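These are my notebook entries on a single structure.

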Amino acid sequence: MREAAQDPAPGPVVEIALHGPFHVRCMAGHDLTPRPHKVRALMALLALSPDHRRGRRWIEERLWSDRGPAQAAGSLRQALVDLRKALAPHDAIVVADRDWIAFRAGAVRPVPEPAGGGDLLEGVAVRDPAFRRWLDSVRRPGGAMQIPALAQGTAPIVIRCVTGNLSGTGSAVVAEIIAARIAQDISSHLTSATVAMAPGVPCDLEIACSVVEDDGICLAFIKVVHCPSDRVIFTRDCRFVGTAISLAGSEVLIQAAWEASERTVGLVPHVLGIATTATKSTALGQLALHKMFSFDEAGLGEADRLMEQAYEVEGHAVHLAWRGVLQ
């Protein structure tokens with residue numbers, strides 16, 4: 001990524017007024033507002049994004065949604081050239097690589113909303129329908145403007161799998177399979193999650209599973225615990241007629257693992273007390289799924305809106321896929 005050279009000192013370099021008439025000024029008070037509206041929109045997309053950072057493709061899909069990938073990429077490159085010209089001699093606050101564009105950490109300070117109020121992003125006239133939908137989502141109560149920025153260096157959520165069975169037995173293998181499946185499901189929803197492979201590693205979540213066989217009946221007990229507080233997030237016992245090995249690929253196991261991961265993912269933002277893009281988008285997505293499976297017309301509309309918000313937060317393609325199913 002391009003390194004800041006002209007503004008090496010820490011602290012804000014420019015201010016962006018997001019409410020009321022859109023404008024950009026350096027800390028000395030000089031007006032740096034770009035003239036092209038899509039360049040203003042590019043600044044707004046970054047300023048209102050977690051960590052002031054977005055993927056190139058995510059930006060292209062909101063400013064040039066009617067163009068092919070090659071054309072959109074070329075338009076974004078030109079917009080970056082125009083943005084750096086407008087910000088000169090402070091253009092080093094814009095950093096970019098092949099995949100991402102961002103404002104340098106701490107270099108941009110949004111101007112506080114004026115006492116008299118003002119609409120968000122007045123003076124940013126972009127006709128692209130994808131940009132209008134994004135703007136509607138951040139203007140909406142509970143939209144992206146209220147999402148805290150992702151902290152620099154946020155540590156991942158560490159998950160540990162344990163079993164109460166004697167190592168090496170068939171029951172222990174099945175218990176490990178169940179715990180690993182739940183951990184995998186949770187990790188697929190939370191991009192900030194990682195599974196601890198070594199014993200004794202400090203973790204945020206512990207997935208414990210024990211399997212017992214007795215007289216043709218197999219019993220699996222699942223428990224998910226928030227380790228720092230010892231709070232139990234999920235418990236479930238599953239009874240199955242047959243051996244422990246036959247339980248491994250059963251519908252009973254699949255359903256139990258799904259319930260455990262769904263319950264855990266939904267509670268992570270509250271239990272862990274964090275506000276990352278991943279957990280915020282996941283919470284919105286989980287709420288959307290509950291609305292979706294109501295099969296009520298109003299519920300489906302609300303689910304589509306929530307999936308759109310979830311995508312705006314993180315840009316994860318799974319939320320677009322769900323929107324396709326909804327529509």
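**Entry 1: cysteines**

I looked up Cys26 and found it buried, because its relative accessibility is 6%; buried means under 20% relative accessible area, exposed over 50%, and partly exposed in between, with a 1.4 Å probe and protein chains only. The model is predicted, so I note its limits: local features need pLDDT of at least 70, side-chain atom pairs count only at pLDDT 80 or more, and totals for chains, interfaces and linings use all residues. Residues are numbered from 1 along each chain as its sequence is written, and side-chain values use heavy atoms, with hydrogens and water left out.

**Entry 2: the mixed sheet**

I traced an open sheet of three strands, ordered S2-S1-S6, with mixed pairing. Strands here are DSSP runs (E, at least two residues) and helices are likewise DSSP runs (H or I, at least four), numbered from the N terminus. Two strands pair if DSSP finds at least two bridges between them. S2 and strand S6 (108-110) are the edge strands, each pairing on one side only. From one strand to the next the twist averages 25 degrees; axes are lines fitted to C-alpha atoms, for helices over the stretch in contact, and angles run from 0 to 180 degrees between N-to-C directions.

I next examined strand S1 (residues 14-17), which runs parallel to S6 and is joined to S6 by three bridges. Which residue of S6 is the bridge partner of Glu15? I found Arg109 in that position.

**Entry 3: salt bridges**

I counted five salt bridges, taking as the rule a side-chain nitrogen of Lys or Arg within 4 Å of a carboxyl oxygen of Asp or Glu.

Glu15 and Arg109 make one of them, with their closest N and O atoms 2.4 Å apart. This pair links distant parts of the chain, since Glu15 lies in strand S1 and Arg109 in strand S6, 94 residues apart. Glu15 is partly exposed at 24% relative accessible area, and Arg109 is partly exposed at 36%.

I also recorded a salt bridge between Glu60 and Arg57, at 3.0 Å from N to O. The two residues are about one helical turn apart, because three residues separate their positions in helix H2. Are these residues buried or partly exposed? Glu60 is buried at 6% relative accessibility, whereas Arg57 is partly exposed at 38%.

A further salt bridge joins Glu61 and Arg62, at 3.7 Å from N to O. Glu61 is partly exposed, with 26% relative accessible area, whereas Arg62 is buried at 4%. Through shared partners, salt bridges join Arg57, Glu60, Glu61 and Arg62 into one network.

**Entry 4: the antiparallel sheet**

I found another open sheet of three strands, in the order S3-S5-S4, with antiparallel pairing.

S3 pairs with S5 over three bridges in the antiparallel sense. Opposite Gly55 I located Trp100, in S5. H1 packs on this sheet and touches S3 and S5, its direction making about 80 degrees with that of S5. H3 also packs on the sheet, where it touches S4 and S5; its direction makes about 155 degrees with that of S4.

**Entry 5: helix H3**

I examined helix H3 (residues 69-87), which has 19 residues. From first C-alpha to last it reaches 27 Å, close to the expected 27 Å, the expected span being 1.5 Å times one less than the number of residues.

Which residues of H3 are buried? I listed Ala72, Ala73, Ser75, Leu76, Ala79, Leu80, Leu83, Arg84 and Leu87. These buried residues pack against strand S2 (23-26), helix H1 (37-47), helix H2 (56-63), strand S4 (94-96) and strand S5 (100-103), contact meaning heavy atoms within 4.5 Å.
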